[in-house]
Amino acid sequence: MREVILKAPGDFAEWRCAARGLLASGVTPDEVSWRGGVEGASLFGDVGSGAPAGPLSLPRELVEIAERVICHRDPEVPARLYRIVWRGARDRQLLARTTDREVAWLRSADKAIRRDVHKMHAFVRFRRLGEEAGRESFAAWFEPSHRILRLTAPFFQRRFYGMDWAIVTPDARAIWQDETLSYGPGGSKDEVPESDIVEDQWRTYYGAIFNPARVKVDAMRAEMPKKYWKNLPEARDIAPLLAGAEARVERMREAAVSIANPLTDKWRTRVPDELLLDDDVKTLDDLARAVDRCTRCPLHCRATQGVSGEGPADARIMVVGEQPGDQEDLQGRPFVGPAGQVLDAALEEAGIDRSRLFLTNAVKHFKFEPRGKRRLHQNPTTGEIDVCRWWLDKERAFVRPALIVTLGVSALRGVTGKSARIASMRGAVHGLEGGSKLVATIHPSFLLRLPDRERAAEERKAFVADLIRARRLAA
Ligand code: URA
(Lines give C-alpha, C1' and ligand atoms only; values in the text may rest on other atoms or scores of the structure.)
Protein backbone atom coordinates (compact mmCIF):
# COMPACT_ATOMS: atom_id res chain seq x y z
CA MET A 1 0.00 0.00 0.00
CA ARG A 2 1.36 3.43 -0.93
CA GLU A 3 0.64 6.45 1.17
CA VAL A 4 0.42 9.97 -0.20
CA ILE A 5 0.48 12.81 2.30
CA LEU A 6 -0.73 16.13 0.98
CA LYS A 7 0.71 19.19 2.66
CA ALA A 8 -1.94 21.57 1.46
CA PRO A 9 -5.32 19.94 0.98
CA GLY A 10 -7.21 21.71 -1.75
CA ASP A 11 -4.06 22.56 -3.68
CA PHE A 12 -4.64 21.16 -7.14
CA ALA A 13 -1.00 21.46 -8.24
CA GLU A 14 0.16 19.28 -5.35
CA TRP A 15 -2.53 16.63 -5.85
CA ARG A 16 -2.00 16.61 -9.64
CA CYS A 17 1.75 16.09 -9.22
CA ALA A 18 1.18 13.12 -6.93
CA ALA A 19 -1.59 11.67 -9.13
CA ARG A 20 0.59 11.94 -12.22
CA GLY A 21 3.39 10.04 -10.52
CA LEU A 22 1.01 7.31 -9.38
CA LEU A 23 -0.65 6.97 -12.76
CA ALA A 24 2.65 6.83 -14.53
CA SER A 25 3.79 4.08 -12.14
CA GLY A 26 0.58 2.15 -12.77
CA VAL A 27 -0.50 2.37 -9.11
CA THR A 28 -4.17 1.38 -8.93
CA PRO A 29 -6.60 3.35 -6.72
CA ASP A 30 -6.82 0.41 -4.33
CA GLU A 31 -3.08 0.43 -3.80
CA VAL A 32 -2.88 3.97 -2.49
CA SER A 33 -4.10 5.81 0.59
CA TRP A 34 -4.29 9.57 0.74
CA ARG A 35 -3.85 11.75 3.78
CA GLY A 36 -4.01 15.51 3.91
CA GLY A 37 -3.15 18.54 5.95
CA VAL A 38 0.03 17.25 7.58
CA GLU A 39 2.29 20.25 8.08
CA GLY A 40 5.88 19.64 7.02
CA ALA A 41 5.11 16.19 5.61
CA SER A 42 6.92 15.08 2.50
CA LEU A 43 4.88 15.63 -0.59
CA PHE A 44 4.50 12.07 -1.70
CA GLY A 45 4.88 10.09 1.47
CA ASP A 46 6.28 6.73 0.47
CA VAL A 47 5.31 7.12 -3.19
CA GLY A 48 8.55 9.00 -3.47
CA SER A 49 9.04 12.25 -5.32
CA GLY A 50 11.06 10.39 -7.88
CA ALA A 51 7.95 8.87 -9.44
CA PRO A 52 7.94 9.62 -13.18
CA ALA A 53 5.62 12.58 -13.82
CA GLY A 54 4.78 12.22 -17.51
CA PRO A 55 1.93 14.14 -19.15
CA LEU A 56 -1.53 13.00 -18.16
CA SER A 57 -3.81 12.21 -21.05
CA LEU A 58 -7.23 12.92 -19.67
CA PRO A 59 -10.39 14.50 -21.08
CA ARG A 60 -10.04 18.24 -20.64
CA GLU A 61 -13.41 18.52 -18.88
CA LEU A 62 -12.31 15.96 -16.32
CA VAL A 63 -9.17 17.95 -15.52
CA GLU A 64 -11.20 21.15 -15.16
CA ILE A 65 -13.68 19.48 -12.83
CA ALA A 66 -10.87 17.90 -10.80
CA GLU A 67 -9.29 21.32 -10.36
CA ARG A 68 -12.49 22.54 -8.75
CA VAL A 69 -13.49 19.42 -6.82
CA ILE A 70 -10.11 19.11 -5.10
CA CYS A 71 -11.23 22.18 -3.10
CA HIS A 72 -14.06 20.16 -1.53
CA ARG A 73 -13.70 19.66 2.22
CA ASP A 74 -14.63 15.99 2.17
CA PRO A 75 -11.36 14.27 3.28
CA GLU A 76 -12.05 11.43 0.86
CA VAL A 77 -11.84 13.74 -2.14
CA PRO A 78 -8.17 13.16 -3.13
CA ALA A 79 -8.75 9.40 -3.16
CA ARG A 80 -12.10 9.60 -4.94
CA LEU A 81 -10.66 11.93 -7.55
CA TYR A 82 -7.72 9.61 -8.12
CA ARG A 83 -10.12 6.72 -8.70
CA ILE A 84 -12.07 8.75 -11.26
CA VAL A 85 -8.94 9.99 -12.97
CA TRP A 86 -7.60 6.42 -13.11
CA ARG A 87 -10.80 5.34 -14.84
CA GLY A 88 -10.93 8.49 -17.01
CA ALA A 89 -7.45 7.73 -18.38
CA ARG A 90 -8.82 4.41 -19.66
CA ASP A 91 -12.36 5.42 -20.59
CA ARG A 92 -12.65 8.80 -22.35
CA GLN A 93 -16.45 8.60 -22.28
CA LEU A 94 -16.52 8.25 -18.50
CA LEU A 95 -18.10 11.65 -17.82
CA ALA A 96 -20.96 10.86 -20.18
CA ARG A 97 -21.92 7.87 -18.02
CA THR A 98 -24.45 9.74 -15.96
CA THR A 99 -25.70 6.68 -14.10
CA ASP A 100 -22.22 5.83 -12.84
CA ARG A 101 -22.12 6.36 -9.05
CA GLU A 102 -18.67 7.92 -9.04
CA VAL A 103 -19.49 10.25 -11.92
CA ALA A 104 -22.71 11.29 -10.15
CA TRP A 105 -20.70 12.02 -6.99
CA LEU A 106 -18.18 14.06 -9.03
CA ARG A 107 -20.93 16.13 -10.64
CA SER A 108 -22.64 16.89 -7.35
CA ALA A 109 -19.34 17.80 -5.65
CA ASP A 110 -18.56 20.10 -8.59
CA LYS A 111 -21.98 21.71 -8.25
CA ALA A 112 -21.36 22.38 -4.56
CA ILE A 113 -18.03 24.02 -5.37
CA ARG A 114 -19.44 26.19 -8.16
CA ARG A 115 -22.22 27.32 -5.87
CA ASP A 116 -19.71 28.18 -3.16
CA VAL A 117 -17.62 30.16 -5.66
CA HIS A 118 -20.70 32.05 -6.79
CA LYS A 119 -21.56 32.93 -3.19
CA MET A 120 -18.04 34.10 -2.47
CA HIS A 121 -18.06 36.36 -5.54
CA ALA A 122 -21.31 37.84 -4.30
CA PHE A 123 -20.73 38.11 -0.56
CA VAL A 124 -17.15 39.20 0.03
CA ARG A 125 -17.28 42.69 1.59
CA PHE A 126 -14.07 44.70 1.79
CA ARG A 127 -13.28 47.07 4.65
CA ARG A 128 -10.96 49.97 4.04
CA LEU A 129 -7.61 49.77 5.85
CA GLY A 130 -6.00 53.00 4.64
CA GLU A 131 -4.09 54.59 1.82
CA GLU A 132 -0.43 54.60 0.91
CA ALA A 133 1.25 56.35 -2.05
CA GLY A 134 -2.15 57.05 -3.56
CA ARG A 135 -3.21 53.36 -3.44
CA GLU A 136 -6.03 52.36 -1.15
CA SER A 137 -5.91 49.07 0.68
CA PHE A 138 -8.78 46.88 1.80
CA ALA A 139 -9.29 43.62 3.62
CA ALA A 140 -12.16 41.17 3.76
CA TRP A 141 -12.94 38.21 6.00
CA PHE A 142 -14.81 35.34 4.43
CA GLU A 143 -15.69 31.80 5.46
CA PRO A 144 -16.34 29.71 2.37
CA SER A 145 -17.80 26.24 2.77
CA HIS A 146 -14.89 24.74 0.80
CA ARG A 147 -11.26 25.66 0.12
CA ILE A 148 -12.06 27.77 -2.90
CA LEU A 149 -9.85 30.81 -2.36
CA ARG A 150 -7.56 30.05 -5.33
CA LEU A 151 -10.58 29.54 -7.56
CA THR A 152 -12.06 32.90 -6.64
CA ALA A 153 -9.02 35.17 -6.22
CA PRO A 154 -8.60 35.81 -9.99
CA PHE A 155 -12.16 37.20 -10.06
CA PHE A 156 -11.32 39.76 -7.34
CA GLN A 157 -8.02 40.50 -9.06
CA ARG A 158 -9.88 41.49 -12.24
CA ARG A 159 -12.61 43.33 -10.37
CA PHE A 160 -10.40 45.27 -7.94
CA TYR A 161 -7.25 45.62 -9.99
CA GLY A 162 -6.58 49.23 -8.98
CA MET A 163 -6.44 48.76 -5.20
CA ASP A 164 -4.47 46.59 -2.80
CA TRP A 165 -6.49 44.00 -0.94
CA ALA A 166 -6.35 40.84 1.08
CA ILE A 167 -9.06 38.24 1.50
CA VAL A 168 -8.57 36.29 4.70
CA THR A 169 -10.26 32.91 5.17
CA PRO A 170 -9.75 30.29 7.90
CA ASP A 171 -7.67 28.12 5.49
CA ALA A 172 -5.62 30.62 3.51
CA ARG A 173 -5.39 34.23 2.43
CA ALA A 174 -5.07 35.85 -0.99
CA ILE A 175 -3.10 39.05 -1.22
CA TRP A 176 -3.17 41.45 -4.16
CA GLN A 177 -0.44 44.00 -3.70
CA ASP A 178 1.54 46.02 -6.21
CA GLU A 179 -0.31 44.19 -8.95
CA THR A 180 0.92 40.79 -7.78
CA LEU A 181 -1.30 38.02 -6.48
CA SER A 182 0.11 35.80 -3.74
CA TYR A 183 -1.24 33.39 -1.16
CA GLY A 184 -0.50 32.99 2.52
CA PRO A 185 -1.73 31.12 5.58
CA GLY A 186 -5.27 31.33 6.92
CA GLY A 187 -6.19 33.84 9.57
CA SER A 188 -8.98 35.02 11.80
CA LYS A 189 -11.80 37.48 11.68
CA ASP A 190 -10.04 39.89 14.09
CA GLU A 191 -7.51 40.77 11.43
CA VAL A 192 -10.15 42.65 9.47
CA PRO A 193 -11.86 45.81 10.78
CA GLU A 194 -15.45 45.32 11.85
CA SER A 195 -16.91 48.25 9.95
CA ASP A 196 -16.01 51.31 7.92
CA ILE A 197 -17.59 53.93 5.69
CA VAL A 198 -17.86 51.47 2.82
CA GLU A 199 -20.11 49.44 5.07
CA ASP A 200 -22.52 52.33 5.50
CA GLN A 201 -22.57 52.77 1.75
CA TRP A 202 -23.45 49.09 1.34
CA ARG A 203 -26.28 49.40 3.82
CA THR A 204 -27.63 52.52 2.18
CA TYR A 205 -27.39 50.89 -1.23
CA TYR A 206 -29.12 47.74 -0.03
CA GLY A 207 -31.89 49.74 1.63
CA ALA A 208 -32.40 51.69 -1.60
CA ILE A 209 -32.62 48.66 -3.88
CA PHE A 210 -34.78 46.64 -1.46
CA ASN A 211 -38.18 46.45 -3.10
CA PRO A 212 -40.79 45.56 -0.48
CA ALA A 213 -43.33 44.74 -3.18
CA ARG A 214 -41.09 42.03 -4.58
CA VAL A 215 -40.07 40.26 -1.41
CA LYS A 216 -39.91 36.49 -1.74
CA VAL A 217 -38.48 35.40 1.55
CA ASP A 218 -37.75 31.78 0.53
CA ALA A 219 -35.99 32.81 -2.68
CA MET A 220 -34.06 35.41 -0.72
CA ARG A 221 -32.90 32.85 1.84
CA ALA A 222 -31.83 30.49 -0.95
CA GLU A 223 -29.82 33.22 -2.64
CA MET A 224 -28.38 34.71 0.52
CA PRO A 225 -28.16 31.82 3.00
CA LYS A 226 -28.11 32.82 6.65
CA LYS A 227 -24.58 31.52 7.22
CA TYR A 228 -23.23 34.49 5.22
CA TRP A 229 -25.26 37.09 7.09
CA LYS A 230 -22.83 37.57 9.96
CA ASN A 231 -20.23 39.09 7.64
CA LEU A 232 -22.60 41.11 5.47
CA PRO A 233 -23.06 44.71 6.60
CA GLU A 234 -26.48 44.89 4.95
CA ALA A 235 -27.71 41.70 6.65
CA ARG A 236 -28.60 43.45 9.90
CA ASP A 237 -31.08 45.58 7.91
CA ILE A 238 -32.87 42.58 6.42
CA ALA A 239 -35.11 41.84 9.39
CA PRO A 240 -36.31 45.45 9.86
CA LEU A 241 -36.77 45.87 6.12
CA LEU A 242 -38.83 42.68 5.97
CA ALA A 243 -40.83 43.67 9.02
CA GLY A 244 -41.67 47.03 7.45
CA ALA A 245 -42.27 45.64 3.94
CA GLU A 246 -46.04 45.39 4.18
CA ALA A 247 -46.47 48.91 5.51
CA ARG A 248 -44.13 50.23 2.80
CA VAL A 249 -46.11 48.50 0.06
CA GLU A 250 -49.27 50.08 1.46
CA ARG A 251 -47.62 53.52 1.40
CA MET A 252 -46.40 52.89 -2.17
CA ARG A 253 -49.94 52.01 -3.21
CA GLU A 254 -51.29 55.23 -1.77
CA ALA A 255 -48.45 57.29 -3.21
CA ALA A 256 -48.89 55.74 -6.66
CA VAL A 257 -52.27 57.40 -6.97
CA SER A 258 -51.20 60.86 -5.91
CA ILE A 259 -47.54 61.18 -6.96
CA ALA A 260 -47.37 59.45 -10.32
CA ASN A 261 -49.96 61.70 -11.83
CA PRO A 262 -49.37 65.17 -10.37
CA LEU A 263 -50.98 67.16 -13.17
CA THR A 264 -54.12 65.14 -13.58
CA ASP A 265 -56.08 66.74 -10.79
CA LYS A 266 -55.10 70.19 -11.99
CA TRP A 267 -56.36 69.47 -15.48
CA ARG A 268 -59.42 67.74 -14.16
CA THR A 269 -60.59 70.90 -12.49
CA ARG A 270 -59.70 72.99 -15.52
CA VAL A 271 -61.31 71.08 -18.36
CA PRO A 272 -65.06 71.26 -18.55
CA ASP A 273 -66.62 67.82 -18.47
CA GLU A 274 -68.64 68.48 -21.60
CA LEU A 275 -65.41 68.60 -23.62
CA LEU A 276 -65.24 64.89 -23.20
CA LEU A 277 -68.27 64.49 -25.37
CA ASP A 278 -67.45 63.55 -28.90
CA ASP A 279 -69.53 66.39 -30.40
CA ASP A 280 -67.73 69.06 -28.46
CA VAL A 281 -64.27 68.30 -29.79
CA LYS A 282 -64.38 70.86 -32.55
CA THR A 283 -60.78 71.87 -32.92
CA LEU A 284 -57.36 70.33 -32.45
CA ASP A 285 -57.03 72.36 -29.26
CA ASP A 286 -60.26 70.88 -27.90
CA LEU A 287 -58.90 67.50 -28.82
CA ALA A 288 -55.63 68.10 -27.01
CA ARG A 289 -57.46 68.98 -23.80
CA ALA A 290 -59.82 66.06 -24.15
CA VAL A 291 -56.92 63.66 -24.70
CA ASP A 292 -55.54 64.76 -21.39
CA ARG A 293 -58.83 63.85 -19.73
CA CYS A 294 -58.89 60.45 -21.36
CA THR A 295 -59.56 57.48 -19.09
CA ARG A 296 -60.34 55.01 -21.85
CA CYS A 297 -57.55 52.70 -20.68
CA PRO A 298 -55.56 52.40 -17.44
CA LEU A 299 -52.44 54.07 -18.87
CA HIS A 300 -53.76 57.46 -17.77
CA CYS A 301 -53.37 56.46 -14.10
CA ARG A 302 -49.60 56.71 -14.04
CA ALA A 303 -48.79 59.17 -16.80
CA THR A 304 -48.31 62.84 -16.01
CA GLN A 305 -50.52 63.96 -18.87
CA GLY A 306 -51.98 62.89 -22.17
CA VAL A 307 -49.82 63.99 -25.11
CA SER A 308 -51.73 64.69 -28.27
CA GLY A 309 -50.29 65.52 -31.68
CA GLU A 310 -48.91 68.91 -32.65
CA GLY A 311 -48.48 70.71 -35.92
CA PRO A 312 -50.52 72.64 -38.49
CA ALA A 313 -54.08 71.47 -39.05
CA ASP A 314 -53.38 71.51 -42.79
CA ALA A 315 -50.14 69.52 -42.67
CA ARG A 316 -49.67 67.33 -45.77
CA ILE A 317 -47.64 64.80 -43.83
CA MET A 318 -48.64 63.23 -40.53
CA VAL A 319 -45.87 61.34 -38.72
CA VAL A 320 -47.09 58.79 -36.19
CA GLY A 321 -44.86 57.43 -33.43
CA GLU A 322 -45.56 54.87 -30.74
CA GLN A 323 -46.27 56.73 -27.50
CA PRO A 324 -44.82 59.65 -25.52
CA GLY A 325 -41.58 58.86 -23.70
CA ASP A 326 -40.33 60.17 -20.38
CA GLN A 327 -39.58 63.69 -21.66
CA GLU A 328 -42.71 63.91 -23.78
CA ASP A 329 -44.79 62.89 -20.75
CA LEU A 330 -43.27 65.70 -18.68
CA GLN A 331 -43.32 68.37 -21.37
CA GLY A 332 -46.65 67.41 -22.93
CA ARG A 333 -45.26 67.46 -26.49
CA PRO A 334 -44.44 64.60 -28.87
CA PHE A 335 -40.86 63.77 -29.88
CA VAL A 336 -38.92 66.11 -27.63
CA GLY A 337 -36.72 63.42 -26.00
CA PRO A 338 -33.78 61.36 -27.36
CA ALA A 339 -35.85 59.64 -30.09
CA GLY A 340 -37.12 63.10 -31.07
CA GLN A 341 -33.55 64.30 -31.54
CA VAL A 342 -32.78 61.37 -33.84
CA LEU A 343 -35.97 62.09 -35.74
CA ASP A 344 -35.17 65.82 -36.04
CA ALA A 345 -31.72 65.13 -37.48
CA ALA A 346 -33.09 62.61 -39.98
CA LEU A 347 -35.88 64.99 -41.02
CA GLU A 348 -33.35 67.73 -41.62
CA GLU A 349 -31.21 65.41 -43.72
CA ALA A 350 -34.29 64.42 -45.71
CA GLY A 351 -35.11 68.09 -46.33
CA ILE A 352 -38.32 68.05 -44.27
CA ASP A 353 -39.29 70.99 -42.11
CA ARG A 354 -40.57 69.61 -38.78
CA SER A 355 -42.82 72.63 -38.23
CA ARG A 356 -44.81 71.67 -41.34
CA LEU A 357 -45.56 68.16 -40.11
CA PHE A 358 -48.30 66.95 -37.85
CA LEU A 359 -46.45 64.80 -35.31
CA THR A 360 -48.40 62.44 -33.11
CA ASN A 361 -48.43 59.02 -31.50
CA ALA A 362 -50.52 55.86 -31.68
CA VAL A 363 -50.93 55.93 -27.89
CA LYS A 364 -51.33 59.20 -26.02
CA HIS A 365 -50.15 58.29 -22.51
CA PHE A 366 -46.65 57.22 -21.46
CA LYS A 367 -46.51 53.56 -20.48
CA PHE A 368 -43.64 52.78 -18.16
CA GLU A 369 -42.33 50.63 -15.36
CA PRO A 370 -40.96 52.58 -12.36
CA ARG A 371 -37.39 51.44 -11.54
CA GLY A 372 -36.00 53.42 -8.62
CA LYS A 373 -36.05 57.01 -9.76
CA ARG A 374 -36.23 56.04 -13.41
CA ARG A 375 -39.27 55.29 -15.54
CA LEU A 376 -38.53 52.54 -18.02
CA HIS A 377 -40.45 52.63 -21.29
CA GLN A 378 -42.77 49.70 -21.92
CA ASN A 379 -44.29 48.81 -25.27
CA PRO A 380 -48.04 49.37 -25.46
CA THR A 381 -50.15 46.27 -26.04
CA THR A 382 -52.23 45.92 -29.20
CA GLY A 383 -55.30 46.40 -26.97
CA GLU A 384 -53.99 49.74 -25.72
CA ILE A 385 -53.14 50.82 -29.27
CA ASP A 386 -56.59 49.83 -30.48
CA VAL A 387 -58.38 51.71 -27.70
CA CYS A 388 -56.30 54.81 -28.38
CA ARG A 389 -57.04 54.69 -32.12
CA TRP A 390 -60.18 56.63 -31.24
CA TRP A 391 -57.97 59.71 -30.77
CA LEU A 392 -55.67 59.04 -33.71
CA ASP A 393 -58.69 58.72 -35.99
CA LYS A 394 -59.93 62.09 -34.74
CA GLU A 395 -56.56 63.68 -35.44
CA ARG A 396 -56.58 62.14 -38.91
CA ALA A 397 -60.08 63.46 -39.49
CA PHE A 398 -59.00 67.00 -38.52
CA VAL A 399 -55.74 67.06 -40.44
CA ARG A 400 -56.64 64.87 -43.45
CA PRO A 401 -52.99 64.42 -44.41
CA ALA A 402 -52.00 63.40 -47.92
CA LEU A 403 -49.45 61.03 -46.46
CA ILE A 404 -48.98 59.26 -43.15
CA VAL A 405 -45.53 58.05 -42.11
CA THR A 406 -45.63 55.39 -39.41
CA LEU A 407 -42.58 54.93 -37.21
CA GLY A 408 -42.35 51.37 -35.91
CA VAL A 409 -44.86 48.56 -35.48
CA SER A 410 -47.10 50.20 -32.87
CA ALA A 411 -47.66 53.20 -35.13
CA LEU A 412 -48.41 50.89 -38.04
CA ARG A 413 -50.98 49.05 -35.94
CA GLY A 414 -52.45 52.35 -34.76
CA VAL A 415 -52.97 53.58 -38.30
CA THR A 416 -54.00 50.37 -40.09
CA GLY A 417 -55.63 48.47 -37.20
CA LYS A 418 -53.59 45.42 -38.23
CA SER A 419 -50.36 43.95 -36.97
CA ALA A 420 -47.65 43.68 -39.61
CA ARG A 421 -43.88 43.56 -39.74
CA ILE A 422 -42.17 46.73 -40.92
CA ALA A 423 -40.08 44.73 -43.39
CA SER A 424 -43.23 43.51 -45.14
CA MET A 425 -44.55 47.05 -45.66
CA ARG A 426 -41.35 49.03 -46.15
CA GLY A 427 -40.25 50.42 -49.50
CA ALA A 428 -43.79 50.55 -50.96
CA VAL A 429 -46.57 53.10 -50.83
CA HIS A 430 -49.88 51.87 -49.43
CA GLY A 431 -53.35 53.33 -49.82
CA LEU A 432 -55.42 54.03 -46.71
CA GLU A 433 -59.14 54.41 -46.18
CA GLY A 434 -60.02 58.10 -46.56
CA GLY A 435 -57.51 58.63 -49.39
CA SER A 436 -54.26 59.17 -47.48
CA LYS A 437 -51.16 57.25 -48.51
CA LEU A 438 -48.99 55.34 -46.09
CA VAL A 439 -45.21 54.95 -45.83
CA ALA A 440 -44.05 52.58 -43.08
CA THR A 441 -40.59 52.83 -41.61
CA ILE A 442 -38.67 52.06 -38.43
CA HIS A 443 -38.93 53.91 -35.14
CA PRO A 444 -35.97 56.26 -34.52
CA SER A 445 -35.38 54.73 -31.06
CA PHE A 446 -34.45 51.49 -32.88
CA LEU A 447 -31.35 53.35 -34.13
CA LEU A 448 -30.49 54.31 -30.56
CA ARG A 449 -30.51 50.68 -29.48
CA LEU A 450 -28.19 49.29 -32.17
CA PRO A 451 -24.80 48.49 -30.60
CA ASP A 452 -23.01 47.99 -33.93
CA ARG A 453 -22.03 51.37 -35.40
CA GLU A 454 -21.83 50.17 -38.98
CA ARG A 455 -25.26 48.59 -38.81
CA ALA A 456 -26.65 51.74 -37.16
CA ALA A 457 -25.22 53.89 -39.96
CA GLU A 458 -26.81 51.63 -42.59
CA GLU A 459 -30.19 51.62 -40.84
CA ARG A 460 -30.09 55.36 -40.44
CA LYS A 461 -29.39 55.80 -44.15
CA ALA A 462 -32.40 53.64 -45.00
CA PHE A 463 -34.53 55.63 -42.53
CA VAL A 464 -33.56 58.93 -44.17
CA ALA A 465 -34.27 57.39 -47.60
CA ASP A 466 -37.80 56.50 -46.40
CA LEU A 467 -38.32 60.10 -45.26
CA ILE A 468 -37.07 61.45 -48.59
CA ARG A 469 -39.54 59.17 -50.38
CA ALA A 470 -42.29 60.47 -48.10
CA ARG A 471 -41.36 64.11 -48.88
CA ARG A 472 -41.49 63.44 -52.62
CA LEU A 473 -44.80 61.58 -52.39
CA ALA A 474 -46.41 64.37 -50.42
CA ALA A 475 -45.10 67.13 -52.67
N1 URA B 1 -41.25 57.93 -29.11
C2 URA B 1 -42.43 58.04 -29.72
O3 URA B 1 -42.86 57.11 -30.39
N4 URA B 1 -43.08 59.17 -29.61
C5 URA B 1 -42.64 60.19 -28.91
O6 URA B 1 -43.33 61.20 -28.85
C7 URA B 1 -41.39 60.06 -28.30
C8 URA B 1 -40.70 58.92 -28.39
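A polar contact here is a pair of N or O atoms within 3.5 Å; within protein, one must be able to donate a hydrogen and the other to accept it, and residues adjacent in sequence count only if both atoms are side-chain atoms. The model is predicted, so local features need pLDDT of at least 70 and side-chain atom pairs pLDDT 80 or more, while totals for chains, interfaces and linings use all residues. Residues are numbered from 1 along each chain as its sequence is written, and side-chain values use heavy atoms, leaving out hydrogens and water.

**Exercise 1.** Find which polar side-chain atom lies 2.7 Å from a nitrogen atom of the ligand.

*Solution.* Start with the side chains: the atom belongs to asparagine 361. Next, turn to the backbone, where an N or O atom of glutamate 322 lies 2.7 Å from a ligand oxygen. Finally, a backbone N or O atom of glutamine 323 lies 3.0 Å from a ligand nitrogen.

**Exercise 2.** Work out how the residues of the shell around the ligand divide by class.

*Solution.* First list the neighbours (a heavy atom within 4 Å): among them are Gly321, Pro324, Glu328, Phe335 and His443. Then apply the classes: Ala, Val, Leu, Ile, Met, Phe, Trp, Tyr, Cys and Pro are nonpolar, Asp, Glu, Lys and Arg charged, and the others, Gly among them, polar. The shell comes out as four nonpolar, five polar and two charged residues.
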